[in-house]
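Visitor: Hi! Could you walk me through this one?
Guide: Happy to, let's have a look together.

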Amino acid sequence: MKIRVSYSKLGKIRFTGHRDVAHMWERTMRKAGIAVAMSVGFTPRPKMAFGLALPTGAESLIELIDITLDPASGVTADQLDSIADRLSTSLPVGMSVTGIRECAGTEVSLQEGVVATTWVMLVAEPDGGPDIASAIERVNNSAEVLLSRERKGEKHLDNIRPGILELRSADAELMSSLPADWIGESVGHAIVAVLTTSGRGIRPTELVEVLVPESDPPINPWDHLNRVLRINQWIERDGERVDVLTGRAAHTSVSA
Amino acid sequence: MTSLWSRLEPLLARVRKPARYIGCEDGAIVPQHGHGKVAWLLAYPDVYEVGLPNQGLQILYEILNERPDAVAERTYAPWVDLEGLMRERGIPLFSVDSHRAAEDFDILAFNLSSELVFTNLLNMVDLAGVPVRAELRSPTDPIVMIGGHAAFNPEPMADFIDVAVLGEGEEVIGEITEVVREWKASGRTEGSRLAVLKALAQIPGVYVPSLYGVEYDGEHIREIKPLYAGVPERVMKRTVSDLGDWDYPRNPLAPITEVVHDRLAVEVFRGCTRGCRFCQAGMITRPVRERPAEQVRSMIVDGLQRTGYNEVSLTSLSTADFSGIESVISSIVPDPTACGAPTVSLPSLRVDAFTVGLAAKVAGGRRSGLTFAPEAGTWRLRTVINKLITEEDLYGAVESAFASGWSRAKLYFLTGLPTETDIDTQGIIDLAAGCVAVGKRHTGRANVTVSIGGFVPKSHTPFQWFGQNSVPELRRKIGLVRDAATKTKGVNVKWHDPSASLAEGLASRGDRRIGAVIERVWRDGGVFQEWSEYFKLDRWLDAMAAEGLSPDFYITRHRDEKEILPWHHLSAGLHQDFLWQDWRASLNEFGLEDCRWTPCYDCGVCTGDGLEHIVASPIPPAGGSQGTGQDLSRGGITPVTLRSKSSVGAS
């Protein structure tokens, strides 16, 4: 059986990287005593397929992993809820399972299927130049937003505007729905952004670079990005963005 | 006592590998500080990835936190990027468990596994906001303590530390806690620091350098003596008599980021009596104390279950010597209930065919490479260093390895050993070429990598009197091996630039005057000296020159029997005359048996401390000749005589 598991990554543990999380999951499955199917070959690897990498330092309400269980594990569909509890107990502090379901073999992989993710970001107001609210307005009113990015060691000027699917200030209702240590966080302007993950994709730090004034030497986006939280991942179905785990359409729920 | 987390948090996304600083490991405790509790900050003066797996630190962390009167947290050296940000913003050294400032702890205890981390210790004490020089500390400052193998000659660190602990820490940390608890209860009043240090000096194994005076006669030491009545003239190391009483760590730390030894470690025995004369670890950890095989098994099963690891390393100084090795391996490897048939890794393997058989048993499908350490290129030089491996042993081991499917072997050698000639150095490549020839009989892909390190003599070993080779001489010898290897098919050579061996040699056998050199190197920015990108030889030479000290006196000069060595008043249990005799025997190319299976030659450790070897088997383990030339492949009889040669001129 293949299962799709969603989990959160909040607090201190956000400073671990994608590879670290992969190792954590391998240990977690063994601690929980749930046998994972292994690949065949010279060095067998557990059959676990990870969703899009979460940047080190970013938090998330919804990270995803597909796990193929070993038939010998004897896990059946009606045991999935109890498995979620076992996994949460075995995961490090700051990570817990938020959803689990059986995943058909025909479903498109997480890496291919996810087309966009929604972020809440706390961005510090720049000392000089326009504030974040007007920067958001500028981006929304522009057909072209240029960002210098490196590809294969060379600098390229990319228009990232098409990849910014939504951008606005976060409202109080959304903020009050966030994890406890986010509520009352007053460091910075809270924004919500839906960013494409197709092709090169756009990282939250890259969005920060276009929201704050340019400087020389270039800014470290982490000087401005106080916290960043992934709250949704989207796949496309019949031309519409739908939540990867629940299948709900984007317009019914942008927040978590 | 507040957490520094809110000040650190904004910095972490800007530094490399921020997971180094967050704690959150499996097995980490939630520290319970409280009135009347002695707070220990256990520090490892290198980066997190290197320090986290350290077993000594994990053991003490757990034992201390089990005590009702103690609490322990951990800290590691912040990498230079975070250190820069911390200094810029006035953030002090912090614990990774609760991100508490180091100054909130009563004891700052460093685990020193090598001399090259000495400057990092100064840096961490300074980052903690504690005066680097011990004499400037007040009763409100924590007690700065060192332990671990590199604390056996603490003299170069005498100016910076309050206390050095010699030997194993399991028992002594409790005794130290009690003394410090009393000091805390008394209010740590003005002037009380000397009193608590004197009280600590009464604990066996605890050395307080400031309570001793050193007098010099020119460059040489004339006398080392206590400055106060009641301070012991000689400090003996501590030894735990039975490892079976200490089944720690019970809650091993499993990190949430990659570290150097990312697997479960279970220590199968402590101590080693093979008697390799260059090996400080073997000399200072005697006698041999095996863990009961059943306890090893339960620690493996329990540790794998707790951590979720699927790999276990059975650690010791020579794991194939563990008398329970076969039974442990055969019960763990095929057992799927023992956490899914874990991979077993066997570091520090002996060189013989039996050992390769063990390695084959645990290797599963993977046959990447096998490592052996003959250490010297000729039998003559191996008798000098007492690494009694015959060529037949090595070729037998290699034969067995290639026949079992391996196609690569790695051979470790030291260069710059006592009495070494170019014939011995050349012998390294001859041995490697011989191994390739053996391998070619099994696979055309057979190749051998030779790894050479420059030898640095250490305190408390028979080679403590030996003048270390100079850096140019080590470079020349490494060059000889490299040149010879270019003409030898199938042999590759790896080496470290020997310049760091000068700093290591200086710190290993230095006296108190070297403290000023260490401080200069640190103030000049010389941290992370084990990392070649941060090591600059000139920094050390300039500091020596500025202090008017001679590198030759400290490093390359041979010492004689009469000389008072800087660690004269400190004992690892070995009689000084045993070490001297063993040094003479070495120069006479005379090997010494392993006393586990032969009559006691009275090195001093067992008799002096009322200890015994704890070995489950009365006969030597199967395999190899144990240097006797006998066939012991099925578990042999007690070796009696070793090959010897009439005396040849000393170095």
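Guide: Domain bounds come from an automatic or database domain assignment. For chain A, that assignment gives domain 1 (2–107) and domain 2 (112–252). This is a predicted model, where local features need pLDDT of at least 70, side-chain atom pairs count only at pLDDT 80 or more, and totals for chains, interfaces and linings use all residues. Residues are numbered from 1 along each chain as its sequence is written, with chains lettered from A and ligands numbered from 1 in the order in which they are written.

Visitor: What separates the centres of domain 1 and domain 2 of chain A?
Guide: Taken over C-alpha atoms, 26 Å.

Visitor: And how many residues of each are in contact?
Guide: Domain 1 of chain A brings 15 residues and domain 2 of chain A brings 16; contact means C-beta atoms, placed from the backbone, within 7 Å.

Visitor: Which strand gives the most to the domain 1 side?
Guide: Strand β3 (residues 59–68) of chain A, with 5 residues. Strands here are DSSP runs of E, at least two residues, numbered from the N terminus.

Visitor: New topic: how many residues does the contact take from chain B and chain A?
Guide: Chain B gives 20 residues and chain A gives 20 residues.

Visitor: What does B:M145 touch?
Guide: Leaving out residues up to four places away in sequence, B:M145 touches B:I107, B:L108, B:A109, B:F110, B:I161, B:D162, B:V163 and B:V165.

Methods:
Contact = placed C-beta atoms within 7 Å. Helix = DSSP H or I, 4+ residues; strand = E, 2+ residues; numbered from the N terminus.
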